Amino acid sequence: MEKRLFKREKEKIRKRQGRKSKSVRKVQVSSGLYIAPSFLGVLTFFLLPFLVIIFYSMVDNPISMNFVFLDNFKSVTQNAAFRTAVRNTATFSFLAVPLAVVLSLLLAIVLEAKLPFRSQFRTFFLSPMMVPVASIVLIWQVLFHYNGAVNDILAVFGQGKIDWMKSQFSTVVIVILFLWKNLGYNMILFMAALASIPKDILEVAKLESATPLQTFFFIKLRYLSSTILFVTIMSLINSFKIFREIYLLTTDYPYDTIYMLQHYMNNKFKNLDYQTLSAAAILMSLVMIVLIGILFLVENHFGKDVEG
Amino acid sequence: MKASVKKGICKRLLAGAMAAVTAFSLSACGDGGKQDKEGVGQEVREFTYVPEYISLEDSENIRLYSAKLLGDSLYYDNTEYDESTSYSTRYINQYSLTEGKVVNSVKVGEGEGYTNEFQVTSDGSIYVASSSYTIDADGNYTENGVMLSAYDSQGNVLWEQSLADLMGENSYINGMALDGEKRLYLAADQNLYLLSAEGELQGEVSLENVDWISSIGAGKDGKVYVSYFDRSTEEGGTVLAEVDYNGKKLGQVYRNYPNGNDKLVPGTDHDFLVKSSDAVYGYDLATQSYEELFYWLDSDINGYFVDNMSVTEDGRIVALMNDWNTNKSEIAYLTKTKTADLPQKKQIVIGTLTGGQELLFAAVDFNKQSTDCHITIKSYMDVNDWSETSYQDAITAMNNAITSGNCPDIIALNSISVEQLANKGVFEDLTPFLEQSSKLEKDDYLENVLAACTYSGVLVGIPKTFSLSTLAGKTSEVGEEPGWTLKEMIAFANEHPGSALLDYADKSSMLSACLSLLQDSFIDWNAGTCDFTSEEFKELLEFVASFPDEFDWQNNEISTPTKLQTGAVLLNSVSVDRVRDLQMELAMFGEEATLIGYPTVDGSNGCVMQPGSLYAISAKSQNKEVAWSFIEYYLTAESNMFSWGLPSRKSEIEKQIEEDSTPQYVTDMDGNPVLDEDGNPIVQGLGGMGWDDWEYEYHYATEEEIALFRMLLENAKPLVTMDETILGFITEDAQPYFQGQKSVDKVMDEIQNRVQLYMNENR
């Protein structure tokens, strides 16, 4: 009797589980159907083109399509223009991104304090985001042209003209342009992150006689770690987009110190050189994956004991 | 049902609807009815307009341009000249297409004059605008203004009105239309005159921001419309405007009207039909859009020969055509037919940036004589696109087609980067085709001409013609031996301060000219290096800086020959299309001249050659043999289309030399030579060229001239100019130096930097 009861109980449980797994399966199928259009879109516009790029990177040209395996990668890495572009892009990113992160964090901390005209300052730093790229480029041309405003000011002080966009100073100009454009957005992100740090921990630190610097480095920075990661990644991505402004300022072939990876790839596209373009794009994406992976690891290490 | 369950169902329905919308928005659109058949780059249209031809008797005297087709009758204006009385009489003839002859002739004017325009109504009434003039005893010509007349079908004058007071004596009517109430509309330049059915002026409309009224005509709604190029807006473009007769003004303006014929042709399915030399479009007023109906080539018709167009009541399109070469006129009735119902032919597509008359002529002739294949021309340039980027867009579209699976079978190589595409293996090597051809001989082609069309060992095209150009100077100044270096040319120019090196020269043209053939002085593509910091380049920039920014066209009254003879200009740019061209170019100096040539790296003869139109076969084409048959036809057919340049074949050049050197004599009507007073046959003149202050008469070529011509042919080098991108860098970066803003050393460094970067990128 007990055995039968147990068996019956088991059957009931099994049936209930079966029903449950059926309903779970139903939910899974319907969820899959709902996300299918998005998935198809990602497949069509991101994954498949990436596979096509891999294919193009392994053929000699898009007309004859003879398989050459890694020859394109070899020719790209040996190309002097590519190496120049990589060097310039890396220099710019390693210069501009840390500056963007640090300066925007400092601005956020300053604006967090109860200063007069705080909101006006905030608006001032945010306004470059609203200005169209073409207008920004126009402003920069007026300022840094050989006969522009900056050289006129220098002339007042007895200095000779500097060819800002066709000399070693071009990197400085571009970094200033990048910072001017991106500080505001990063600053807002940091201000939001600073506002979300639990006040009780800061009060405890204050009570424990922690100095502002100690509070900042040991508490605030830990809580800001995920935001710093996010801002760094966004700044890194935006540092690649600086090509747009450089292109509008100087067209296809600028002075060699501001010749970026995108210049190389854009020109290759125009010359129908899809194979080296694809190889360069794959190399760049591999580097980006490694960099972002490192950033995630760093964030995991420093932010692991942060609540929430 | 529980509220929570209902809510869940609603959520799912909403999510499902949004997912469906997303899915449908990802689906692609169709291609508008074009069907792709086998092979690469082939386009077959769903409908073809099949022509049925009607020849016209005595067609040399029929002026189809202004002819009107009404039912079975063709009305055209004709002038008969009586040689005995030196008197001309003008008629409007009615030609019956059924009977094949003129069935009625209405006299509409006599004496000195011509018919501007005329219109015919369905009852046979004729309205004519004609101009007359008088020539007095001293030969002075005076216009008498425009006369407007109306006649009935029997030729009786209904009324006459002189428009001389209204329009002035030197005016000309370039368009006439009648509306549904037989009211007259006359177009003259930018002005519209509105008259009653009795010819009385009712009003005048003057169009602003318009050069002239392109066309005027009645639509199928009975209203009259005009078309013109609108300069009042930034984008410009041709527009159509309704004429408001009662308001004496223009009514609604319809934009996006395609470029094309200067006649407004009302359609049946569309409001108007517009013809260009390539295609026929249907334009709709309601949507202000046009649709491409068909290409003339698909109907084996040369669009350039179509003078006029009309539509029958049953919807057939009527093309009135005049062959310029034979002067034969005919009419084609085009019936819309499903392509699938017609005998199928292999389609060969020729891809070209801008098309052109020569290609179209060859394609039409080829199609007419071919039974199993048909040529279509795909032009990547949109002639109705007036934007600044239209040319670049066309190049991009063509490149995309070549690199994608939509490559045409034959590619016209004009204005595209041939070397770039050749390096990618886009073109088929024509050498085997040429060697196996039964109509062409490889040895009959000049070696240097074929070499100019060969890239990395692949013969990409065979030119029908090519051009030769060089520089000439006085022998007393440049010496007898041809050839010099850039340094020597600069030194020569510096020895003659106050004289211009070349006529019409400015900084830009001198920079291009100096850099022609001199690429190797500054650029070594094999080593991947360049040297724009050398003394030689510095000298070049300093030399070019001495030229004006722009040539002063306003004060250019003295002719080039006079400038050369007085030494105001030192060198002459010589283009040679045949032997006799050399005569005039050298005679301009007034003394012995040397063909010194463009400066070269090693000081050798700097005569350059440039191939004419080239057609290459795509390496991806599925129909290479058929494509070659068209190229072979193009190269061998006696084209009636005038081609510039020298023929590429030695046999043709020898024929030309023979023609230019063998005297022709004046003959009488029986073919006998006419003798002069000394009993010698009179040599036929060859004509000449002239300026206000100098003229030249050609003579039959001498042995020395023929020898000089042959020397040029043998020594001509392919024109391999400096890479356009590099030339652009030099031109752009040198400007601040030319404008005095930067030093020559600074701009040299900038040029060096950019060119080296470009070379590194493209190695």
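The questions and answers below concern a predicted model of a complex with chains A and B.

Q: What ipTM does the predictor give the complex?
A: The model is predicted, and the predictor supplies scores for the complex as a whole. The pTM is 0.75. The ipTM is 0.84.

Q: What is the mean pLDDT of chain B, and over which residues does pLDDT stay under 50?
A: In chain B, 93% of the residues reach a pLDDT of 70 or more, and the mean is 85. One stretch of chain B has pLDDT under 50 throughout, and the model has 28 contacts beyond four places in sequence for it. That stretch is residues 26–42 of chain B.

Q: How many helices and strands does chain B have?
A: Chain B has 763 residues, of which 36% count as buried. Its C-alpha trace spans about 115 × 80 × 60 Å along the principal axes. The secondary structure of chain B comes to 19 helices and 41 strands.

Q: What percentage of the contacts in chain B with a separation of 6 or more comes from residues 24 or more positions apart?
A: The contacts considered are those in chain B with a separation of 6 or more. Among these, the share from residues 24 or more positions apart is 61%.

Q: Which helix gives the most residues to the side of chain B that touches chain A?
A: The contact takes 22 residues from chain A and 24 residues from chain B. On the chain B side, α1 (3–26), α4 (390–403), α18 (724–738) and α19 (744–761) each supply at least two residues. With seven residues, the one that gives the most is α19(B).

Q: How many nonpolar residues are on the side of chain B that touches chain A?
A: Sorted by class, this side of chain B has six charged and eight polar residues. The nonpolar residues number ten.

Q: Which residues have the most contacts inside the largest nonpolar core?
A: Nonpolar side chains tend to be buried together in soluble globular proteins. The largest nonpolar core here has 233 residues, and its largest share, twelve residues, comes from helix α3 (residues 80–112) of chain A. The residues with the most contacts inside this core are Leu186(B) and Ala363(B).

Q: Which residues does Ala363(B) touch, not counting residues up to four places away in sequence?
A: Residues up to four places away in sequence are left out of this list. What remains is Leu297(B), Ile350(B), Ile375(B) and Ile377(B).

Q: Why is strand β25 (residues 346–352) of chain B described as largely enclosed?
A: A residue counts as buried if 20 or more other C-beta atoms lie within 10 Å of its own. The strand has seven residues, and it is largely enclosed by the rest of the structure because the number of them that are buried is five.

Q: Which residue takes a positive phi in the hairpin of β7(B) and β8(B)?
A: Strand β7 (residues 126–135) of chain B is joined to β6 (residues 113–120) by seven antiparallel bridges, and Tyr114(B) stands opposite Ser131(B). In that hairpin Gly124(B) takes a positive phi near 90°. β7(B) is also joined to β8 (residues 141–151) by nine antiparallel bridges, with Tyr133(B) opposite Glu143(B). In this second hairpin, with five residues between the strands, the positive phi, near 85°, belongs to Gly139(B).

Q: Is Leu272(A) buried or exposed?
A: Leu272(A) lies in the loop between α12 (261–270) and α13 (274–303) of chain A. Its phi is positive, about 60°, although the residue is not a glycine. Because 21 other C-beta atoms lie within 10 Å, Leu272(A) is buried.

Q: How does Asp189(B) count with its C-beta neighbours inside 10 Å?
A: Asp189(B) is in the loop between β11 (184–188) and β12 (191–195) of chain B, and its phi is positive, near 55°. Asp189(B) has 16 C-beta neighbours inside 10 Å, so it counts as partly exposed.

Definitions and conventions: Residues are numbered from 1 along each chain as its sequence is written. Chains are lettered from A and ligands numbered from 1 in the order in which they are written. Two residues are in contact if their C-beta atoms, placed from the backbone, lie within 7 Å. Helices (H or I, at least four residues) and strands (E, at least two) are DSSP runs, numbered from the N terminus. Ala, Val, Leu, Ile, Met, Phe, Trp, Tyr, Cys and Pro count as nonpolar, Asp, Glu, Lys and Arg as charged, and the others, Gly among them, as polar. pLDDT is the predictor's confidence in each residue, from 0 to 100. A nonpolar core is a set of buried Ala, Val, Leu, Ile, Met, Phe, Trp, Tyr and Cys residues joined through C-beta atoms within 7 Å. A residue is buried if 20 or more other C-beta atoms lie within 10 Å of its own, exposed if 12 or fewer, and partly exposed in between; C-beta atoms are placed from the backbone. Two strands pair if DSSP finds at least two bridges between them.
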